[in-house]
Amino acid sequence: MSAPSKKTLATPGVKNIVLVDGVRTPFLQSGTIYANLMPHDLARAALQGLLNRTGLPKDAVDYIVYGTVIQEVKTSNVAREAALGAGFSDKTPAHTVTMACISSNQAMTTAVGLIAAGQCDAVIAGGVEFMSDVPIRHSRKMRKTMLSLNKAKTLGARLSLLGSIRLAHLAPELPAVAEFSTAETMGHSADRLAAAFGVSRLEQDEFALRSHMLAKKAQDSGLLSDVISFKVPGKDIVSKDNGIRPSTMEQMAKLKPAFIKPHGTVTAANSSFLTDGASAVLIMSEEKALAMGYKPKAYLRDFVYVSQDPKDQLLLGPTYATPKVLEKSGLTLNDIDVFEFHEAFAGQIMANLKAMESDWFAQTYMGRKTKVGAPPMEKFNSWGGSLSLGHPFAATGCRLVTTVAHRLQKEGGQYGLVAACAAGGQGHAMVIEAYPQ
């Protein structure tokens, strides 16, 4: 780890915004212990966990922002329902954002914007995803018939509508992790991306195994301190992620391709799994945090959002966002001590690393003279990543930022960089600076 430099990213006259603390529920494989809950239950648990961890008075919170991707129709503004359930005042505004896998990143940067604009001093941002119970709709024809039935005035009209129902009307619309604009599933896109950058099945399995082994080591060493215990109603207390499962290369090699058959390279073992979980972070102006007696964990510095072609560059957000945020901060890749990139698929993350190392890609697609450069692996996702810890879509961003803050403290670094891709061909990156110890 490089020694902290003298340079800081503080700008005279500009408000410093800090991460005070962050927590998350254990990330669990969908269909397991959380199966009978609702999304706002998990979000509420994260909010309560953050209050317990920080001792924050509820009335000190000016605003709450949450991210979510697959919305539960009963609680479409899940931020508000979770806040009320966690005991916040009904006078505390709350809204929900959605930006695929960077939804809680968007929640955090919304919080930064509210504080920078002088609207708020203390904002809680978070994210929640609940894949154990997703909305499954009737077919379009059946929905139209049911809505018409609701409006029918006479018995004859109702009987006529009921008589029009055919067996095909009963086929449900199942949700899929697919692009609306291209109809391609994300796994299929990841497989094509891996092939385009020559990422082999062996490389993907090795990367996934690394993720699980590092996550297991971090979990056993007590480094995942952002995880709070959660008493699931009617069940036991859950206190750790349940998807961390180091395997062997031999076992992983037995799995068949999940998306492009029979020659694809993306499998269940080198992909992130469907996950339930929630996260929450307390973001404040430095002045307010210090006035309330807090010792912040990190400064939240520059951030960027990027977008590119959702067909062929769907998952290349980190490649595009990383150089932009470094240039905005006046930093280089060598200045960064800690990297936390979201790993949706091993093939996706390795394709990004190869794209970042390619002069040709930089010149052809990014308008750059030379390559971006890939992060050194000894600084990269050292406590595991989404492949092993789990990936509740909208909750991952807060996990990444909190992990960077904790790693900077543990490893004595000064700057960390978070980067993530998202559906729609979008991406995000943020620079985080360690708070002086």
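Predicted model: local features only at pLDDT ≥ 70, side-chain atom pairs only at ≥ 80, totals over all residues.
Y305 is partly exposed, with a relative accessible area of 26%.

**Aromatic rings**
- The whole structure holds 11 aromatic pairs.
- In the pair F303 and Y305, the ring centres are 6.1 Å apart and the planes meet at 75°, so the pair is edge-to-face. The cut-off for edge-to-face is over 60 degrees.
- Ring pairs also join F197, Y320, W360, F361 and Y365 into a cluster.

**Charges over rings**
- K328 lies over the face of F303, 5.8 Å from the ring centre.
- R301 places its charged end over the ring of Y299, 4.1 Å from the centre of that ring.

**Helix α10**
- Helix α10 covers residues 317-329, which makes 13 residues.
- At 1.5 Å a residue, α10 should span 18 Å, and its end C-alpha atoms are 18 Å apart, which agrees.
- In α10, 10 of the 13 residues are buried, so the helix is largely enclosed by the rest of the structure.
- Among the buried residues of α10 are G317, Y320, V325, L326 and S329.
- Y320 also belongs to the ring cluster with F197, W360, F361 and Y365.
- The cover over the buried residues of α10 includes the strands β9 (298-307), β10 (338-341), β11 (415-422) and β12 (426-434). It also includes the helices α11 (346-356) and α12 (359-365).
- Just after α10 comes G330, with a positive phi of about 75°.

Technical notes. Residues numbered from 1 in each chain as written. Heavy atoms only, no water. Phe/Tyr/Trp six-rings, centres within 6.5 Å; stacked < 30°, edge-to-face > 60°. Buried < 20%, exposed > 50% of the residue type's maximum accessible area, 1.4 Å probe, protein only. Lys NZ or Arg CZ within 6 Å of the ring centre and 35° of its normal. Helix = DSSP H or I, 4+ residues; strand = E, 2+ residues; numbered from the N terminus. Expected span 1.5 Å × (residues − 1). Contact = heavy atoms within 4.5 Å.
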